[in-house]
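Trainee: I would like a close look at a single part of this protein. Please take me through the pockets.

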Amino acid sequence: MRFTRRHALGALAALPLIPRPSWAQDDFPTRPVRLLVGFAPGGLTDIAARALAERMGKTLKQSVVVENRPGGQAIIATVAVARAEPDGYTLGFAGTNGMILNPLLYNNLPYQQSDFKQLGSMGKSPMLLIVNPALGVKTVQEFISLARKKPGDITCAHAGRGVINHLALLHFQSKTGTQFQDVPYKGSGPALLDLMAGTVQSSFDFPTSALPNIKSGKLQVLAVTADKRLSSLPDVPTMKEAGVDGFELYTRMMISGPAAMPPAVVKKLEHAVREGTRDPGLVQQFAEQGVTVEFTSSADLDRVIAEESAMWAQVIKANGVPRTDLKS
């Protein structure tokens, strides 16, 4: 079914009625805070949101409850946050797709970056270039060489056109002078299953999803798109070490709320995000999954969003990715 602006706006009608704020922010929060996630349970964004919500709740002395609102590449959840009462009780946990890529890929998007107040970032996760072992390549250069010999023959799975791992594939093609047969799926899970089965031959995916199958030998990892090697995969080179320069790609894990939230509420929420990322258990848990947990303040995050929006805009333009109309 085609996703439209009507789906996004109609989803708002399903939001529970939220009492008008008392504007007595000194005792905020006096009830649970909702953290909306634009993807189904079980993926990187959902797992990270739940782990951070637990820590934020301890600082705020109130529950932070994760609600999954999957659909439309996180548009449904993100627009719900933009239109929520700006009292701090409805927040969003967005990855790069929701906050950076969607504004570059869709016309008539029912939100824009200025609709949000960023509260900080939990951290970032790189991607891995992975292949089915039967492909017979063990390095990025072998992979590139094979792809150049067989342009358009090697299949590369991704979680849907326009998502970050699809754009990573396009970026890789333009950087290396290769051409793959891209195969879209409705999520990383089905793509990984077919990759392990040999139905497709390669993919860009996140360590959180791929690591167990890499360690079991079902998948071969060629490189990581980070600026340094992962502690969980110390023998895997970065793309730069593998000979592909300028290929540092991450998805950010960002927390935001409606732009008009009162400064006192913003201060408390940003403090809760900061304290959550300092939890040693959280840092260790995600380091083992290839995720760097590091707090980025709201001011710095605005700069990061601007810089990464410019970078992805160049990738999208260079590869002729069309903007999609969200029809009402």
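Trainee: How do the residues of the lining of the largest pocket divide into nonpolar, polar and charged?

Mentor: They divide into 18 nonpolar, 19 polar and 5 charged residues. Here Ala, Val, Leu, Ile, Met, Phe, Trp, Tyr, Cys and Pro count as nonpolar, Asp, Glu, Lys and Arg as charged, and the others, Gly among them, as polar. Keep in mind that this is a predicted model: local features need pLDDT of at least 70, side-chain atom pairs count only at pLDDT 80 or more, and totals for chains, interfaces and linings use all residues. Residues are numbered from 1 along each chain as its sequence is written, and side-chain values use heavy atoms, with hydrogens and water left out.

Now the pocket itself. The largest pocket has a volume of about 1,200 Å³. A pocket is an open set of points on a 1 Å grid over the protein atoms alone, where a 1.4 Å probe fits, with protein on both sides within 12 Å along at least five of seven lines; lining residues have an atom within 4 Å of a point. Grid points are joined across faces, edges and corners, and the volume is the space filled by probe spheres set on the points.

The largest pocket is lined by 42 residues. Closest to its centre are Phe-39, Gln-73, Ala-159, Val-163 and Gly-187. Several elements each supply at least two lining residues, among them helix H2 (44-60), helix H6 (164-176) and S11. Helices (H or I, at least four residues) and strands (E, at least two) are DSSP runs, numbered from the N terminus.

Follow S11 into the sheet. Strand S11 (residues 250-258) runs antiparallel to strand S5 (residues 116-126), and 9 bridges join them. One of the bridge pairs is Ser-125 with Thr-251 in S11. The open sheet has 6 strands, in the order S2-S1-S3-S11-S5-S12, with mixed pairing. Two strands pair if DSSP finds at least two bridges between them. Strand S2 (64-68) and strand S12 (292-296) are the edge strands, each pairing on one side only.

Of its 15 lining residues, Lys-228, Arg-229, Leu-230, Val-291 and Thr-292 are the closest to its centre. Helix H10 (280-287) and S12 are the elements that give two or more residues to this lining. S12 gives the largest share, 3 residues. By class, the lining of the second largest pocket has 7 nonpolar, 3 polar and 5 charged residues.
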